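Q: Please take a close look at the aromatic residues in this structure, and explain the terms and cut-offs as you go.

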Amino acid sequence: MAESVTQSNVDQAEGLRTIFGAESSCVVCLASALDADTTIHLGHGTAYALKNAGHKTLLIDEFGLSERRTMSGFLYPTRYDLAQAFSNGIDLLKVVRSIDEHLWYATATKMRALNDRHLLKLPTLDERLLNTGLSMDYMLLATNDPNANILTFYGTQIKRFVVCSPEQPSLIRALGMVREMSVLQTDESYPVLIIGGTSEEEGQAAFQKLADASQSALRQDLHFAGWIKAFMASRIVVDPEDNEISVPVAGPVSEFVLPVDFFKMLSAKIMA
C-alpha cells in the first residue's frame, strides 16, 4: 500500500519540532484490556497512522514471544531489548531499529523483570534518545499492564488512553488498569475507547458502567472517546516450517479485526 502523507500533516509535525524543539517528544500509552495479539496490532496500526501523518514515531513492543498466540516472532527482528539499554549494558542505537524515515521499533520485554530487581537506571528514554541525536514526536506503547513506574522510565510527557470491549471481563480488566495509571495522581481524565458490541449505544452503556465504577472506587474521571464497530474473527496459527494451519491450543480462539479508519481516528485524538 502506498504511503499517504498530506503536506499539511508534514508541515504540522515539522512546525511542532520547530516551536517546541526536541522537548515535544510524547509518550502515548494505549492501556488495552484486549488480548495480547489484538493489543500488538493496536499499537502497530496506530504507530503507522502517526508515521503516515509525518510524525517521527517509536513503537515500543513489550510482549514476549510466549504471550503471542498467532505470530511466531516480533513484528521486526531485533537483537537487543530496551531493558539492556536502561541497565547500561547495550548502546541505545543498537536497541532502537529504524524501519523507515518516520518509524522506529524497539522491544521492551525485559523491562519489568529488571525493574523488579532495581536494575533500570535513569535518564528516561526520551533523554537517552536526545543524547544519541534521535528526536521523536511520539513514543507509542500498547500494553496490557500500564505500570506507573515503567512509564516514568520512558518520559515525563505522557498521554494515556484506555481501550476495552463492552464485555464484563474486559471492563473489569480496564478498571484495574485505570487503578494502576491513577497511582501517579495526575488529576487528568482518561479517554476510553470501546471496541466491538452490537451498537454505539451498547458501547456508551459499557463506558458509563466503567466510568461509574472508576469514580466510585477510585475517584478517577474518565471520558468517552468513541465506539468502534469491529467484528470477531476465528484465530488460526500457521506453522512457519510447513505452512500448516491449525487452531490455537491456548488463549482466545477469536480476536478483533480492527478497521483501518480506527487507527486514523485514534491517531487524530493523539495528535489533538
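A: Rings of Phe, Tyr and Trp (for Trp, its six-membered ring) pair if their centres lie within 6.5 Å, and planes under 30 degrees apart count as stacked, those over 60 as edge-to-face and the rest as tilted. With that criterion, F86, F153 and Y154 form one aromatic cluster. The model is a predicted one, in which local features need pLDDT of at least 70 and side-chain atom pairs count only at pLDDT 80 or more, while totals for chains, interfaces and linings use all residues. Residues are numbered from 1 along each chain as its sequence is written, and side-chain values use heavy atoms, with hydrogens and water left out.

A search of the whole structure finds five aromatic pairs. One of them joins F86 and F153, an edge-to-face pair with 5.7 Å centre to centre and 75° between the planes. This pair links distant parts of the chain, since F86 lies in helix α3 (residues 82–86) and F153 in helix α6 (residues 148–154), 67 residues apart; helices here are DSSP runs (H or I, at least four residues), numbered from the N terminus. Both F86 and F153 are buried, a word that stands for under 20% relative accessible area, as against exposed for over 50% and partly exposed in between, with a 1.4 Å probe and protein chains only.

F86 also forms an edge-to-face pair with Y154, at 6.5 Å centre to centre and with 65° between the planes. Here too distant parts of the chain are linked, F86 being in helix α3 and Y154 in helix α6, 68 residues apart. F86 counts as buried because its relative accessibility is 0%, and Y154 counts as buried because its relative accessibility is 0%.

A49 has its place in helix α2 (residues 36–52), and it counts as buried because its relative accessibility is 14%. Leaving aside its neighbours within four places in sequence, A49 is in contact with F263, K264 and S267, where contact means heavy atoms within 4.5 Å. The C-alpha atoms of A49 and L266 are separated by 8.6 Å, although these residues are 217 apart along the chain.

Note on methods
Helices (H or I, at least four residues) and strands (E, at least two) are DSSP runs, numbered from the N terminus.
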